[in-house]
Amino acid sequence: MTDQDPNERQRQFKRRGQITAIGLMTVVALPMLIAYVLFQTGVGIPDGQVNQGELLDPPQRFTQWQPETLAGEAWTLDPDQKRWRYVIPVDAECGERCQANLYLTRQVHVRLADKAYRVKRIILPVGGEPSDALLEQWRDEHPGTEVLRPEKAAMMASLADTNLPGNPVSEGRYFLMDQEGFVMMAYGPDHTGNQLLKDIKRLLRYSYED
């Protein structure tokens, strides 16, 4: 048996060193690569860790907005019926954006099927009284939807204390209220029905049912 050529031993040693270096680099780089792909695509991220809407920080108690029924009675949360609620601020004329928000939230509500009873919608006229014709239209096209008048100054002051200040009507924004009466998530013109549906389904799955 002849001794191995020194040059061959050196080449093998060099190859082993390269393989080891590549392996170490892979161990270090692979987690970063995976994290980048997950961040960019959302693939593999658990469903329960992604909110489609924007969380209101801090959440605001809806009663701070001093809502009243059309009959002038103060609105209170029914402790025997814990519901999630979409709160949709609108102007007195309910223009194109208003109509779009009402339509989108209605379609999401319908798509909840047998879980729809756990969600309600509130139309919130801000800064003006809707006409009788508009109220009639809402009753026809959005049956079961409450219409409440907020105290505009109280509502704006409440929102000013959050990460989303401003006028929700002019910005086309609407909100999700939790079962305890806290306005906790906001949506806008860029959100789709599928995004709303994804959020509300997740929340219904992990919240109590009366």
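Which strands does helix α5 (residues 193-206) lie across, and at about what angle to β3 does the helix run? Helix α5 lies across β3 (84-90), β4 (119-125), β6 and β7, and runs at about 145° to β3. Axes are lines fitted to C-alpha atoms, for helices over the stretch in contact (heavy atoms within 4.5 Å), and angles run from 0 to 180 degrees between N-to-C directions. Helices (H or I, at least four residues) and strands (E, at least two) are DSSP runs, numbered from the N terminus.

The model is predicted: local features need pLDDT of at least 70, side-chain atom pairs count only at pLDDT 80 or more, and totals for chains, interfaces and linings use all residues. Residues are numbered from 1 along each chain as its sequence is written, and side-chain values use heavy atoms, with hydrogens and water left out.

The seven strands form an open sheet with mixed pairing, in the order β1-β7-β6-β3-β4-β5-β2. Because β1 (54-61) and β2 (68-69) stand at the edges with a single partner strand each, one side of each has no neighbour in the sheet. Two strands pair if DSSP finds at least two bridges between them. Strand β1 pairs with β7 (residues 182-187) in the antiparallel sense over four bridges, and Gln 60 stands opposite Val 183 in β7.

Strand β6 is joined to β7 by four bridges, and the two run antiparallel; Tyr 174 has Tyr 187 as its bridge partner in β7. These strands form a hairpin with four residues between them, and Gly 181 in the turn has a positive phi of about 90°. The pairing of β3 with β6 is also antiparallel, over three bridges, with Leu 176 as the bridge partner of Tyr 86.

From β6, Tyr 174 and Leu 176 point one way and Phe 175 and Met 177 the other; all are buried (under 20% relative accessible area, 1.4 Å probe, protein chains only).

Thr 162 is placed in the loop between α4 (152-160) and β6 (174-177) and is buried, with a relative accessible area of 10%. A polar atom of its side chain lies 2.7 Å from the backbone oxygen of Leu 159.

Methods:
Buried means under 20% relative accessible area, exposed over 50%, partly exposed in between (1.4 Å probe, protein chains only). A polar contact is a pair of N or O atoms within 3.5 Å; within protein, one must be able to donate a hydrogen and the other to accept it, and residues adjacent in sequence count only if both atoms are side-chain atoms.
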